Amino acid sequence: MMKIICNAKIYTADINQPSATAMVIEDGKVLWIGQQEQLPPYQGEIIDVQGKVIIPGIIDAHMHPIMLADVLEQVACLPPYIHSIEDIINALAKYDASQRGWILGWGYDEGKLKERRAPLKEDLDLASTELPIVVMRTCGHIISVNSKALAIAGITKDTPDPKGGQIDRNDNGEPTGVLRENARNLVLQHLPTPTEEEIINRLLKLSQTLASYGVTSITELMATVAPIDYLSLYRKAREKGFKQRVAVYYVWEDIQRYELLTADNIDRSAGAYIGGIKLFSDGSVSGRTALVSEPFLGSEEKGIAMTSKEELLAAAAEAKECGIQLVVHAMGDRAIDLIVDTFYEEKAWLTDAPSVRIEHAAMPSESALQKAAEWGIGFVPQPIFLFCEIESYLENLGLEKTQTLYGVQTFLQRGIATALSSDAPATSWAEAANPFVTIQAAVTRRAYDGTDLGAAEKISVEEAIQLYTVDAKTMIRMENVGQLKEGYEANFVVLTDDLMTLSHNQLMHVKPFATYIEGECVFTQSTIQAQ
């Protein structure tokens with residue numbers, strides 16, 4: 001049945017028609033949109049939103065939904081529940097490991113812990129020595145494990161650091177239990193594999209959570225094939241009721257190993273499709289594994305290099321042949337320079353979006369900014385990192401440097417294609433996937449504790465919405481979403497608060513009143529009046 005949305009204040013994200021007060025939906029798409037006094041005499045269900053605000057559905061250009069769905073069932077090692085390693089130990093000791101056989105936690109940030117350090121094997125052994133324990137740091141690039149987990153993985157004093165990874169060791173050369181970057185996989189490969197049905201059920205729950213945040217389209221930025229293929233999981237989840245469309249990005253290792261880039265898999269009109277190839281150039285700022293030119297404060301550490309020019313070009317050649325994107329994780333200036341310099345003399349292969357995307361782009365050099373703008377490289381930053389991980393950033397880089405990071409205003413002024421995103425769950429905020437937290441961080445440039453994050457990089461609310469909708473749509477090359485205009489999918493969020501007039505310090509508290517995907521109400525706080 002045709003739906004007629006009326007008595008609304010609609011922000012369309014369409015520069016040709018920025019606002020409207022009524023909209024007509026048919027077969028999941030916007031049939032007509034404009035001013036209510038010009039509404040043609042359509043027949044159908046009339047939905048009076050009683051003056052509420054409507055924005056296009058939020059598109060998260062960089063997140064990890066399968067990981068997010070998983071960690072939501074683990075011990076959250078975050079405030080307001082966790083403030084010390086002792087708190088972590090107590091919470092882990094209470095975890096029901098009967099189904100998994102492992103005790104799992106996520107989200108610790110040493111900057112927020114009383115001890116100001118990562119939990120070590122000796123700490124985690126106090127929770128259990130019989131069961132293996134893995135606790136993931138907020139950034140997702142570092143884990144802490146207990147002695148049992150080290151034993152299962154066969155990690156000893158004599159185990160060499162794997163390529164692109166580091167096993168932390170004490171003064172005697174013994175592993176401390178902290179594993180960085182690729183060293184994580186020495187343990188993670190031993191985790192029990194959830195069944196396909198278990199993952200799909202988690203995704204179905206996550207779909208509702210995302211809808212409650214107003215998120216209607218998503219990405220999967222670290223897809224793999226084994227033990228269960230991610231694209232297959234998303235497609236089966238959609239068959240069972242997962243609502244969001246998904247652009248999936250596979251790690252380069254699996255692209256080389258499997259025949260993934262078929263015409264069916266890269267069909268961007270599908271509900272779940274392969275959007276590109278993923279590589280890592282370095283680690284994280286908060287974990288001191290980002291590849292930087294100046295050492296982190298109080299140390300000689302300059303991060304971990306995780307790729308090379310040759311590997312970048314090989315992956316790009318595959319992406320070019322299939323007409324998909326190459327996306328590269330890079331936070332440190334040296335990691336970003338490597339990517340930009342590698343492609344500056346090459347030719348872009350896509351015309352509708354960036355051929356190469358730099359994920360995070362925390363601290364691009366002046367040269368990188370110039371070359372990225374000229375070449376058309378896209379940046380996908382996450383201001384939420386500064387907002388909630390401020391303690392680690394200040395300790396690792398200092399305030400002056402921190403205030404220049406994730407410079408969204410600079411990116412926009414330089415004409416660099418940009419989209420906002422969450423990287424959920426890889427940050428120390430319990431509701432990391434909530435886009436309104438990121439919007440507040442980008443608009444106010446203040447951390448959760450009030451720390452000034454650099455006013456020069458503030459953007460407007462209007463710009464933030466654009467970067468989370470139409471610009472994100474372009475960044476991930478998803479068709480017919482991101483705007484409310486005729487012929488586009490009727491994906492939109494109904495808000496009680498007007499983002500344009502709301503106090504900027506209240507943006508993170510915005511809760512969608514209702515969320516629609518393809519014209520269907522998939523989340524609502526209460527019944528909207530229908531006639």
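Arginine 116 is partly exposed, with 42% relative accessible area; the scale runs from buried (under 20% relative accessible area) through partly exposed (in between) to exposed (over 50%), using a 1.4 Å probe and protein chains only. The model is predicted: local features need pLDDT of at least 70, side-chain atom pairs count only at pLDDT 80 or more, and totals for chains, interfaces and linings use all residues. Residues are numbered from 1 along each chain as its sequence is written, and side-chain values use heavy atoms, leaving out hydrogens and water.

Arginine 116 is not a glycine, yet its phi is positive, at about 60 degrees. The residue sits in the loop that runs between β10 (103–108) and α3 (121–125). Helices here are DSSP runs of H or I with at least four residues, strands are runs of E with at least two, and both are numbered from the N terminus.

Aspartate 27, also a residue other than glycine, has a positive phi near 50 degrees. Its position is in the loop between β4 (22–26) and β5 (29–34). With 73% relative accessibility, aspartate 27 counts as exposed.

The backbone also contains cis peptide bonds. One joins proline 79 to proline 80, with omega at about 10 degrees. Proline 80 belongs to the loop between β9 (75–76) and α2 (85–93). Another cis bond leads from alanine 226 to proline 227, where omega is near 5 degrees. Proline 227 is found in the loop connecting β15 (215–223) and α7 (230–239).
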